[in-house]
Amino acid sequence: MKRVLITGITGMDGSHLADLLLEKGYEVYGMERRSSSKNRTNTEHLKDKITFLTADLTDQGSLLRALKDSNPDEVYNLASQSFVYASWEMPEQTGDVTGLGVMRMLEAIREYGKPIKFYQASSSEMFGKVQETPQTEDTPFYPRSPYGIAKVYGHWITKNYRESYGMFACSGILFNHESERRGIEFVTRKISDGIAQISTGLSNKIILGNLDAKRDWGYSPDYVEAMWLMLQQDTSDDYVISTGETHSIREFLDVAFNYVGLPNWEQFVGQDERYMRPAEVDYLCGDSTKAR
């Protein structure tokens, strides 16, 4: 039986990946930070099927202990400070967790000394102010947020450990993807939750930021399967995972409001400067030919 350690297991992708790997017969260990109250909403259905370990990407010793406790064949690093908007408010923490945290995990794996396949959750936010469309594995990065910049560091340090130490280390450059388990602070859930409240009379307004941003949106359970497939290849490499289709926030609002029979969404949606990014990423569209 294969053993796996998933960081960020209580998040959207982490919980979907746990579902997938349990189906495939893995013994699943999930890493979570120490906190006074655990947030296990996404993994509640898995509580008797997985083993939780306490560790933190800002503490390398705890990562090494987590490796010793789980003795994994594969490690999926999905933990990060992942809310782009918050990365301007907490740039140092974002860099420490989302950037340096990757290096700490890679170094812990190297120190552990056993052959472990490693997956790093890279992001389309690394492309930022896009230099070509669609974006491929070879498109130059131009990140536009502390989050995107931290992800670039994580991406390059993964490549560096692969080339320096011969580690099996992959980065998946995943474009936006969503599911029912997405956190409420993200725009897709902000819209769906807001519409639910409007349609039931609990609210009459959704306040958003930039409505013209365009994203390449996929579905999380599909994308975690791509993560797993990367680690099943003969050699490690980096892959863009995307749909190749781009849609705007306005299009998202059209579809979502029409779904509940409210076609004129403009009367229910407001904008606030507080939700505008200091440097916006306007357009993302991925080319996943290599992965396919």
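Student: Is Asn71 buried, partly exposed or exposed?

Tutor: This is a predicted model, and in it Asn71 has 30% relative accessibility. Buried would need under 20% and exposed over 50%, so Asn71 counts as partly exposed.

Student: Where does Asn71 sit?

Tutor: Asn71 is in the loop between α2 and β4 (74–77). Its backbone is worth a look too: phi of Asn71 is near 45°, a positive value in a residue other than glycine.

Student: Why point that out?

Tutor: Most residues other than glycine have a negative phi, and most peptide bonds are trans.

Student: Speaking of peptide bonds, what is the one from Thr133 to Pro134, cis or trans?

Tutor: That bond is cis, with omega near -5°. Pro134 belongs to the loop between β5 and α5 (146–165).

Student: Back to α2, then. How do the axes of α2 and α4 cross?

Tutor: Helix α2 (residues 60–70) and helix α4 (residues 91–112) have axes that come within 9 Å and cross at roughly 50°. The two helices are therefore oblique to each other, and the crossing is right-handed.

Student: Which residues make the contact?

Tutor: From α2 there are Gln60, Leu63, Leu64, Leu67 and Lys68, while α4 brings Arg104, Met105, Glu107, Ala108, Ile109, Glu111 and Tyr112. By class, that contact has seven nonpolar, one polar and four charged residues.

Student: Okay, new pair: what about α1 and α7?

Tutor: The axes of α1 (residues 12–23) and α7 (residues 220–230) come within 9 Å, crossing at roughly 65°. An angle of 65 to 115 degrees counts as roughly perpendicular, which is therefore how α1 and α7 lie to each other. On the α1 side, the residues that meet α7 include His16, Leu17 and Leu21; among their partners in α7 are Val224, Met227 and Trp228. The residues of this contact divide into eight nonpolar, two polar and two charged.

Student: Which residues touch the most other members in the largest nonpolar core?

Tutor: That core has 28 residues, and the ones touching the most other members are Ile6, Leu17, Leu21, Val28, Tyr76, Leu78 and Tyr119. Among the elements giving two or more residues to this core are β1 (3–7), α1 and β5 (117–123). Helix α7 gives the most, with six residues.

Student: And Tyr119, what is it in contact with beyond its sequence neighbours?

Tutor: Leaving aside neighbours within four places in sequence, the contacts of Tyr119 include Tyr76, Leu78, Cys170, Leu174, Met227 and Met230. There is also a second, separate core of 25 residues, which includes Leu63, Leu64, Val102 and Tyr112.

How values were computed: Residues are numbered from 1 along each chain as its sequence is written. This is a predicted model: local features need pLDDT of at least 70, side-chain atom pairs count only at pLDDT 80 or more; totals for chains, interfaces and linings use all residues. Side-chain values use heavy atoms; hydrogens and water are left out. Axes are lines fitted to C-alpha atoms, for helices over the stretch in contact, and angles run from 0 to 180 degrees between N-to-C directions. Helices (H or I, at least four residues) and strands (E, at least two) are DSSP runs, numbered from the N terminus. Angles under 35 degrees count as roughly parallel, over 145 as roughly antiparallel, 65 to 115 as roughly perpendicular and the rest as oblique. Contact means heavy atoms within 4.5 Å. Ala, Val, Leu, Ile, Met, Phe, Trp, Tyr, Cys and Pro count as nonpolar, Asp, Glu, Lys and Arg as charged, and the others, Gly among them, as polar. A nonpolar core is a set of buried Ala, Val, Leu, Ile, Met, Phe, Trp, Tyr and Cys residues joined through side-chain atoms within 4.5 Å. Buried means under 20% relative accessible area, exposed over 50%, partly exposed in between (1.4 Å probe, protein chains only). A crossing is left-handed if the near helix is turned anticlockwise from the far one by less than a right angle, and right-handed if clockwise.
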